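Open the model in your viewer and keep the selection tool at hand. This tour goes stop by stop, and each stop says what to select and what is there.

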Amino acid sequence: MINSKDKKIRRERKFPVVKNCYFTETGTKPDYKEVLVLRRFINERGKILPQKYSGLTAKNQRLLAKEIKKARYMGLLPYTDRHAL
């Protein structure tokens, strides 16, 4: 029989949850030309990390998504990982 303590032990987070917004702390805004900063918010398969895991504010998360899409269109970031399948 499994007690409640065992259930809590099994539930581990996959990603560390960041509490502070990166862009608010640094005093910058997301920019499509800063590829290294944008890669920080993309997982291995090329998906944009959700706000829950990135720790960004809602406003900066929306700006980040636009800038990532702009960088993809310009060819600075890949749309997907080619070897993911």
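**Stop 1: Gln61**

Select Gln61. Gln61 is buried, because its relative accessible area is 12%, and the cut-off for buried is under 20%. Keep in mind that this is a predicted model. Gln61 sits in helix H5.

Which side chain does Gln61 meet in a polar contact? The side chains of Gln61 and Ser54 are joined by a polar contact of 3.0 Å.

Now show the surroundings of Gln61. Beyond its neighbours within four places in sequence, Gln61 is in contact with Ile48, Leu49, Pro50, Gln51, Ser54 and Leu56.

**Stop 2: the whole chain**

Zoom out and switch to cartoon. There are 5 helices and 0 strands in the chain. Along the sequence the pattern reads α-α-α-α-α.

Switch to a surface view. The chain has 85 residues, and 26% of them are buried.

Then look at how the chain folds back on itself. Take the contacts with a separation of 6 or more: residues 24 or more positions apart account for 60% of them.

**Stop 3**

In soluble globular proteins, nonpolar side chains tend to be buried together. Here is the case in this model. Select these residues as one group:

- Cys21, Phe23, Val35 and Val37, among the residues of the largest nonpolar core
- Leu38, Phe41, Ile42 and Leu56, also among them
- Leu64, Ile68, Ala71 and Leu77, also among them

The core has 12 residues. Which elements give two or more residues to this core? Colour helix H3 (35-39) and helix H5 (58-74): these are the ones.

Stay with Val35 for a moment. Setting aside residues up to four places away in sequence, Val35 touches Leu76 and Leu77.

**Stop 4: Phe23**

Select Phe23 in helix H2, residues 22-26. Is Phe23 buried or exposed? Phe23 is buried, because its relative accessible area is 2%.

Show the contacts of Phe23. Leaving aside neighbours within four places in sequence, the list is Thr28, Lys29, Pro30, Val37, Phe41, Leu56, Asn60 and Leu64.

Now draw a distance from Phe23 to Leu64, C-alpha to C-alpha. The pair is 41 residues apart in sequence and 9.7 Å apart in space.

**Stop 5: Asn60**

Move to Asn60, in helix H5. Asn60 is buried, with a relative accessible area of 10%.

Draw the C-alpha distance from Asn60 to Phe23. These two are 37 residues apart along the chain, and their C-alpha atoms are separated by 7.3 Å. Not counting residues up to four places away in sequence, Asn60 touches Cys21, Phe23, Thr24 and Pro30.

**Stop 6**

How many salt bridges does a search of the whole structure find? The search finds 2.

Select Lys70 and Glu67. Lys70 forms a salt bridge with Glu67, and the closest N and O atoms are 3.6 Å apart. Both belong to helix H5, 3 residues apart, so about one helical turn separates them.

The two partners differ in cover. Glu67 counts as buried, because its relative accessibility is 12%. Lys70 counts as partly exposed, at 37%.

Show what surrounds Glu67. Setting aside residues up to four places away in sequence, Glu67 touches Pro30, Asp31, Tyr32 and Leu38.

**Stop 7: Asp31 and Lys33**

The side chains of Lys33 and Asp31 meet in a salt bridge, 4.0 Å from N to O. Lys33 counts as exposed, at 55% relative accessibility. Asp31 counts as partly exposed, at 24%.

**Stop 8: a patch on the outside**

Select Tyr73, Met74, Leu76 and Tyr79. Together these residues make a nonpolar surface patch of about 500 Å². Tyr79 is found in the segment after H5.

Key:
Residues numbered from 1 in each chain as written. Predicted model: local features only at pLDDT ≥ 70, side-chain atom pairs only at ≥ 80, totals over all residues. Heavy atoms only, no water. Core = buried A, V, L, I, M, F, W, Y, C linked by side-chain atoms within 4.5 Å. Buried < 20%, exposed > 50% of the residue type's maximum accessible area, 1.4 Å probe, protein only. Helix = DSSP H or I, 4+ residues; strand = E, 2+ residues; numbered from the N terminus. Contact = heavy atoms within 4.5 Å. Polar contact = N/O pair within 3.5 Å; in protein donor to acceptor, adjacent residues only side chain to side chain. Patch = residues over 30% accessible without salt bridge, like charges linked within 9 Å, V, L, I, M, F, W, Y side chains within 5 Å. Areas by Shrake-Rupley, 256 points an atom, 1.4 Å probe, with all protein chains shown as cover.
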